[in-house]
There are 2 protein chains.
Amino acid sequence: MSGARKTFRIDGDFEMYRGGIIRSPEIAYETWGTLNERGDNAVMIFTGLSPSAHATSSEKDAAPGWWEDIVGPSRPLDTRRYFVICANSIGSCFGSTGPASINPETGDPYRLHFPMLSLEDIALAGKQLIDHLGVDQLAAVVGPSMGGMTSLAFTTMFPEASRSLLVISSGPRSLPFSIALRSMQREMIRRDPDYEKGNYELGAGPITGMRLARKIGMVSYRSAEEWEQRFGREKVPEERKTGDGFALDFEIESYLEAHAQKFTGQFDPNCYLYLSRASDLFDLAEHGGSLEAAYGNIGPQKITVVGVSSDLLFPVHQQQQLAEGIAAASPGKDVNYVEMPSIHGHDSFLVDMDRMRPIVQEFFAGL
Amino acid sequence: MSGARKTFRIDGDFEMYRGGIIRSPEIAYETWGTLNERGDNAVMIFTGLSPSAHATSSEKDAAPGWWEDIVGPSRPLDTRRYFVICANSIGSCFGSTGPASINPETGDPYRLHFPMLSLEDIALAGKQLIDHLGVDQLAAVVGPSMGGMTSLAFTTMFPEASRSLLVISSGPRSLPFSIALRSMQREMIRRDPDYEKGNYELGAGPITGMRLARKIGMVSYRSAEEWEQRFGREKVPEERKTGDGFALDFEIESYLEAHAQKFTGQFDPNCYLYLSRASDLFDLAEHGGSLEAAYGNIGPQKITVVGVSSDLLFPVHQQQQLAEGIAAASPGKDVNYVEMPSIHGHDSFLVDMDRMRPIVQEFFAGL
C-alpha cells in the first residue's frame with residue numbers, strides 16, 4: 001500500500017443507486033496540495049475504469065501516478081495552487097470497498113454478492129469524501145473516460161458541489177460499439193474455467209480471460225492509425241520466434257501480449273466485471289428524464305468537453321453533441337468543446353501528453 | 001452436400017507457397033452460366049474467409065448463396081452472359097481439402113499437420129481449376145475481403161490469366177489492427193479447453209472459443225455508426241431477461257450472441273485458424289520485392305478497387321493507396337477507385353446491396 005494513500009470510512013449503510021446497501025464502505029484516496037482558508041481551491045478527479053487513487057507522485061509516494069504529467073507542482077493541474085483529490089472508485093480493488101473486499105456480515109469476500117454497481121455510487125462516495133475533507137464547493141471536477149461519465153453524474157446529482165467541469169474522452173452514455181466490446185471482455189473472463197463462477201481464490205482466478213479481455217481493451221483504447229504507423233507489419237526478431245505457425249510473431253501481437261500480461265494479477269476480475277457493467281449501464285438521461293433535461297441539470301458554470309478524433313470508445317460526434325447539448329440547455333454557461341487531433345485513440349489523455357497538457361492548462365487558467 | 005457442387009481433384013503433389021505439399025487435394029466449386037465458344041466469358045470469384053463455393057442459387061441448388069443479390073441471371077454479375085466460377089478455398093471445410101480433411105497418407109484428419117496456408121495456395125488452386133475447365137483467360141477476377149487479396153495474388157502470379165480485376169473491401173496486405181483482431185480470435189479458439197490442441201473430435205470442438213471469435217469478427221465486420229443507428233441503448237424485452245446483472249440484456253449483446261451461435265458448428269476451428277493466419281501473412285510486396293514493384297506485376301488492363309468509408313478491417317485509405325499505386329505503376333491501365341459511403345463497414349458488400357449492385361453492374365458494363 002502506498003504511503004500517500006488515506007482511507008475514509010463512510011459511516012453506516014451506503015445505499016447503492018440500483019438497490020442494495022454496503023455497510024460502512026471504505027474509500028481509498030490521495031490528496032496533493034493544501035486546501036486554502038476559503039476552502040475554494042479543491043479539485044476532484046474521477047478516474048477511468050482501472051486506475052487507483054495514485055494520480056501522481058508525491059513526497060510520500062514517489063512512484064509515478066497514472067496522470068503524472070498532468071497533476072503536480074507547476075503542471076497543468078498545479079498542486080501548488082489547487083488541493084487535488086483522487087479516490088479509488090467504490091467497487092474497485094485498490095483500497096476502496098468492492099467485490100474483492102470482505103463483507104463484514106459474513107467474513108467472506110463479497111464477490112458476486114456485491115450489489116450492482118453504478119457510476120452514481122462512485123459519484124456519491126466522492127461527494128461524501130469531499131464533505132469529509134471539509135470542501136463545500138469544488139473549484140473543478142475533472143474526469144477522463146469512465147471518470148467523465150462519473151463527473152457528469154456528480155454534477156447533476158450535486159449541482160452546487162462544483163463551479164466547473166472538465167470532461168475528457170467520455171460521453172453522456174455508452175454507445176453499442178463500446179457495450180459490445182465490454183460485453184465480450186466480460187464474457188472472456190466469465191467463460192474462463194478458472195473464473196469458477198466468481199469464486200476463484202482472490203489473487204488467482206481467470207488469468208487467460210483477463211489477458212484476452214485486456215487485449216480487447218487495448219483495441220478499443222488505441223487506434224488503427226497509431227498501430228499502422230508504429231508497427232506496420234513488423235515481425236518479432238528471429239530469436240523470439242517459436243516456429244509455431246500461430247505464435248505471436250507480428251510485433252502488434254507481441255505488444256498486445258505484453259500489455260495483457262502486465263494487467264493480469266493487478267486487477268481483481270470480479271471488480272473488473274462490476275466496473276465494466278457500470279460503464280454500460282450509465283445513462284445521464286436518468287438524471288432528468290431525457291438527455292436534454294439532464295444537460296440542464298448540470299450545475300457548473302464553466303464546462304469544457306474534450307474529444308479525440310481517433311477515439312473508438314467515445315467517438316467525437318458524441319462529445320460534440322454533449323457540449324452542444326449542455327450549451328443549448330443552459331445558454332448562460334461558458335461551455336467549450338475542444339477536439340484533440342491525436343492518433344492515440346481513447347487513451348490519448350494518458351499517452352499524448354504534448355496535446356493533453358495545454359488543454360488542461362488552459363482550462364485551469366480560465367477558472 | 002449441395003447438388004450444384006462439383007469437385008476437381010488436382011493430380012499429384014500440390015506444393016504449398018510456404019513449404020510442404022498436399023497429395024492430390026480436392027477443390028469444391030460451382031459454376032453458373034455457360035462458357036462461350038471463344039472461351040472468353042469466364043469470371044472467377046475468390047471468396048472471403050468463411051463462405052463456401054455456393055455464391056448463388058441455381059436450379060440444382062435453390063438455397064440462396066452468399067452473394068445471391070449480385071450473381072445470377074439479370075443480376076450485376078449476369079450468369080446469362082458470363083460463365084461464373086466460385087471455389088471453396090483450399091484450406092477451408094466446405095468440400096475442398098483442408099485441415100479437417102483426411103490425410104490419405106495417415107487415414108486421419110490433417111488437423112495441425114496441414115502445412116501453413118497462404119492465399120497464394122488458394123490462387124494457385126484457382127488457376128488449376130480454370131485450366132481444368134478449359135478457360136485460357138478469364139474476363140474478370142472478382143474478390144471481396146480476403147478474396148480481394150487472393151485476387152491480387154492471382155493476378156500477379158498469373159498476369160495473363162485475366163483481362164480485368166474487381167477488388168472489393170480488401171487491400172494489398174493486412175494492417176496491424178486487423179492482425180490484432182484476428183490474433184485475438186485465434187487465441188480465443190486455441191485457449192478454449194475444448195480445442196484440445198487441435199485434436200478435438202471433428203464436428204465438436206471449441207464452441208465457446210468459436211462463439212467469442214465470431215463476436216470479435218462481427219465487431220470488425222460492421223461499424224459503430226450502424227449499431228448506434230440500429231440498436232442504440234435498447235434493452236431486450238423483460239421476458240427475455242434473466243435477472244443476472246451480467247446477462248446479455250442490451251440488444252447489441254443479444255444480436256452478437258445470435259450471430260455467434262449461428263456460426264459455431266458451421267466452420268471447422270482448425271480451418272478457421274489456417275485461413276485467419278493466411279490473411280495476416282499475405283503481403284503483395286512478396287510478388288515483386290516491394291509493393292510498388294508488385295503493383296506493376298498485376299496483369300489485368302482494367303482494374304476497379306472498391307472501398308467502404310466505415311470499414312475497420314480494410315480502411316479506405318489503404319484502398320485509395322492500392323488504386324493509386326497500381327495506376328502509378330501502370331500508367332496505361334484503366335484503374336478506378338470507387339468509395340461506397342456505407343455505414344455497414346467491412347460487410348457492406350454482403351448487406352448494403354442497394355449500394356453494391358450498381359458498382360458491380362457498372363464494372364461489368366464497362367468490360
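In the predicted model, helix H1 (residues 119-132) of chain A lies across strands E1, E4, E5 (42-45) and E8 of chain A, and runs at about 140° to E8(A). Helix H11 (residues 353-365) of chain A also packs on the sheet, where it touches E10, E11 (302-308) and E12 of chain A. The direction of H11(A) makes about 170° with that of E12(A).

The sheet itself is open and consists of eight strands of chain A in the order E1-E4-E8-E5-E9-E10-E11-E12, with mixed pairing. Its edges are formed by strand E1 (6-9) and strand E12 (334-340) of chain A, each of which pairs on one side only. From one strand to the next, the twist averages 20°. Both senses of pairing can be illustrated by individual strand pairs. Strand E4 (residues 26-32) and strand E8 (residues 83-87) of chain A pair in the antiparallel sense over four bridges, and Trp32(A) stands opposite Val84(A) in E8(A). Strand E9 (residues 140-144) of chain A, in contrast, pairs with E10(A) in the parallel sense, over four bridges; here Val141(A) stands opposite Leu165(A) in E10(A).

Strand E10 (residues 164-168) of chain A is largely enclosed by the rest of the structure, because five of its five residues are buried. Ser164(A), Leu166(A) and Ile168(A) point one way from E10(A), whereas Leu165(A) and Val167(A) point the other way.

Helix packing was examined in chain B. Helix H1 (residues 119-132) and helix H2 (residues 146-157) of chain B pack at an angle of about 65°, with their axes 8 Å apart, and H1(B) passes H2(B) in a right-handed crossing. On the H1(B) side, the contact comprises Leu119(B), Glu120(B), Ile122(B), Ala123(B), Gly126(B) and Lys127(B). These residues meet Met146(B), Met149(B), Thr150(B), Ala153(B), Phe154(B) and Met157(B) in H2(B). The residues of this contact divide into eight nonpolar, two polar and two charged.

Chain A can be laid on chain B with an RMSD of 0.0 Å by a turn of 180° and a shift of 0.0 Å along the axis. The two copies are therefore related as by a two-fold rotation axis. The same surface serves both copies, as 100% of the contact residues of chain A recur in chain B.

At the interface, 40 residues of chain A are in contact with 40 residues of chain B. On the side of chain A, the elements that give two or more residues are helices H3 (176-191), H4 (207-221), H5 (224-230), H6 (251-263) and H7 (269-281). H3(A) gives the most, with twelve residues.

Terms used
Residues are numbered from 1 along each chain as its sequence is written. Chains are lettered from A and ligands numbered from 1 in the order in which they are written. This is a predicted model: local features need pLDDT of at least 70, side-chain atom pairs count only at pLDDT 80 or more; totals for chains, interfaces and linings use all residues. Copies are superposed by least squares on the C-alpha atoms of residues with pLDDT of at least 70 in both. Two residues are in contact if their C-beta atoms, placed from the backbone, lie within 7 Å. Axes are lines fitted to C-alpha atoms, for helices over the stretch in contact, and angles run from 0 to 180 degrees between N-to-C directions. A crossing is left-handed if the near helix is turned anticlockwise from the far one by less than a right angle, and right-handed if clockwise. Ala, Val, Leu, Ile, Met, Phe, Trp, Tyr, Cys and Pro count as nonpolar, Asp, Glu, Lys and Arg as charged, and the others, Gly among them, as polar. A residue is buried if 20 or more other C-beta atoms lie within 10 Å of its own, exposed if 12 or fewer, and partly exposed in between; C-beta atoms are placed from the backbone. Two strands pair if DSSP finds at least two bridges between them.
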